[in-house]
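Please report on the cross-links, cores, aromatic contacts and sheet pairing of this structure.

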Amino acid sequence: MSLAATAAFVATSSIPGQAASSLVMKYRCTGGIAGAGVDLEARMTPQVESGTMNVRWDMKYTSVQRFGSPGFFPEGSSLDLEGTVDISGAWTGQLRPRGGQSQGELVPGDYLDLPEGLSDSASITRTGTIRFKPGKLTVRFTPAEGEVKVNNNEPEIEYSGTWERLHPAPTYDDFLSDIEKTTEKNAVAKLDFVGTKVAYIGRREQNLSPIRVLIDGQQVSGGLVEPGKDRSGKDMTGTDTQEVLWTSSQLEYGPHTVEVINTEDATAYFDAFQVFTGDIPEPPKHEQAECELQHDPGAIDVDISGPTEDPTDDPTDEPTEDPTDPGEDPGEDPGEDPNNPNNPNDPGPGGNDVGTIGGENVIVVPQTSSSTTTSPKPTGPTATKYYRAQVAKTPSGGVETGVAPDENRPPYGLMATGMVVAMGSAGGGLLMRRRRAAHAGGA
């Protein structure tokens, strides 16, 4: 494609050539973290600055439903959105506005915050009209690396059989000062989670029942967990709380189920599960949501015209040539004619939003599905006008006073002086001839 595309976040500002209108797109998102469906609104606004076309999308929820967390995650998970903008006309290609939002600590079903905006940009390398038309939107969730303890009173934990919640004295130091106890064989505590590893936390104490642990319905370790023994395998003589009694092997990231099952009619404790999430370099596909447009929002056309000619290299510099140079044509005007219909600084009657970027005229024409256009007030720059000097040509040898000599006054003084000189010359000649004649006679 003829556009050099790079990701960039551009804040809305008032700049020459900025689009005066936006397109409003309505999306319906389904699948993955969208659950039964989430409605979004995006507002697309193109901006032109320094030869670069930036496209920004502002996002917001428009339904009660929100994107929800798929599991227990520490602070730092990210919700990332990526839109598509098809480009046609002078250039052909696609922009992909992107944006992400970091999330706090999450439990299943927590609402996810949207990014404030999405953006992408492309270099303007040649003239012509280009059309920006929005397409589909993709939503991805990337979980943060770390672990989260899931207490025994969380609603996501399911119990079967008879369990009793205890609130022991603080000296026992159970997690969040409570613990579940059962004396029923085959009583179960179960958690559906999303992650890469899980641990079972309880008490070590004498005469406790052995525990069976299942992952996704299967026993992954050969033996039973023995909470009635210490780490060396000896019978307990006291009570240790918040003990990690069992940890799974590394699991593939995704949804899993963990179950702890009492195997005897004896006391068993359950304090918490600890869910781990390893480093996930790419957003999981199964949590991705796809969003489709619910209407035709139209498109935005941007007309990038060619560079205009400037009468001087720099209109702010002082002229380098003397405007009174005799070689200059007095009928030549270096300034712009404000009445010239081709004047690039004249936006024309009823013109669209006009500006100049890097010597290029930019006109943004919003287009809706019914092909209507808007005509904002002209915003083109003010032209610099140049004016002719008072003296078109200065006579040779004259003093550059800035005022030309009066060409209509007859030169009486000069004529009188000439006559006096001529008469004096004639009289002197006659006198000389008489003296020469007298001298010759006397000789």
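A disulfide is a pair of cysteine sulfur atoms within 2.5 Å. The structure holds 1 disulfide. This bond joins C29 to C291, with an S to S distance of 2.0 Å. The link connects distant parts of the chain: C29 sits in strand β2 and C291 in strand β21, 262 residues apart. Strands here are DSSP runs (E, at least two residues), and helices are runs of H or I, at least four residues, numbered from the N terminus. The torsion about the S-S bond of C29 and C291 is about 105°, so the disulfide is right-handed.

The model is predicted: local features need pLDDT of at least 70 and side-chain atom pairs count only at pLDDT 80 or more, while totals for chains, interfaces and linings use all residues. Residues are numbered from 1 along each chain as its sequence is written, and side-chain values use heavy atoms, with hydrogens and water left out.

**Burial and cores**

Buried means under 20% relative accessible area, exposed over 50%, and partly exposed in between (1.4 Å probe, protein chains only). C29 is buried, at 0% relative accessibility. C291 is also buried, at 0%.

A nonpolar core is a set of buried Ala, Val, Leu, Ile, Met, Phe, Trp, Tyr and Cys residues joined through side-chain atoms within 4.5 Å. The largest one has 43 residues, and L40, W57, F67 and F132 touch the most other members. Among the elements that give two or more residues to this core are β2 (23-30), β3 (38-49), β9 (128-142) and β21 (289-293). A second, separate core has 24 residues, including V150, I211, I215 and L251.

**Aromatic contacts**

Rings of Phe, Tyr and Trp (its six-membered ring) pair if their centres lie within 6.5 Å; planes under 30 degrees apart count as stacked, over 60 as edge-to-face and the rest as tilted. The structure holds 7 aromatic pairs. Two of them are tabulated here.

| Pair | Centre distance | Plane angle | Class |
|---|---|---|---|
| Y200 and F270 | 6.3 Å | 20° | stacked |
| F270 and F273 | 4.7 Å | 50° | tilted |

Y200 lies in strand β15 (residues 197-205) and F270 in strand β19 (residues 268-270), so their pair ties together parts that are 70 residues apart in sequence. Which aromatic cluster do these rings belong to? Y159, W163, Y200, F270 and F273 form one aromatic cluster. Y200 is buried, with a relative accessible area of 1%. F270 is buried at 0%, and F273 is buried at 0%.

Charges also sit over rings. The test is NZ of Lys or CZ of Arg within 6 Å of the ring centre and within 35 degrees of the ring normal. R66 places its charged end over the ring of Y111, 5.9 Å from the centre. R203 lies over the face of Y269, 4.9 Å from the ring centre.

Two strands pair if DSSP finds at least two bridges between them. An open sheet has 4 strands in the order β10-β20-β15-β17, with antiparallel pairing. Its edge strands are β10 (146-151) and β17 (239-247), each pairing on one side only. The twist averages 25° from one strand to the next. Axes are lines fitted to C-alpha atoms, for helices over the stretch in contact, and angles run from 0 to 180 degrees between N-to-C directions.

How many bridges join β10 to β20? There are 6, and β20 covers residues 272-277. The bridge partner of V150 in β20 is F273. V150 is also a member of the second core, and F273 belongs to the aromatic cluster.
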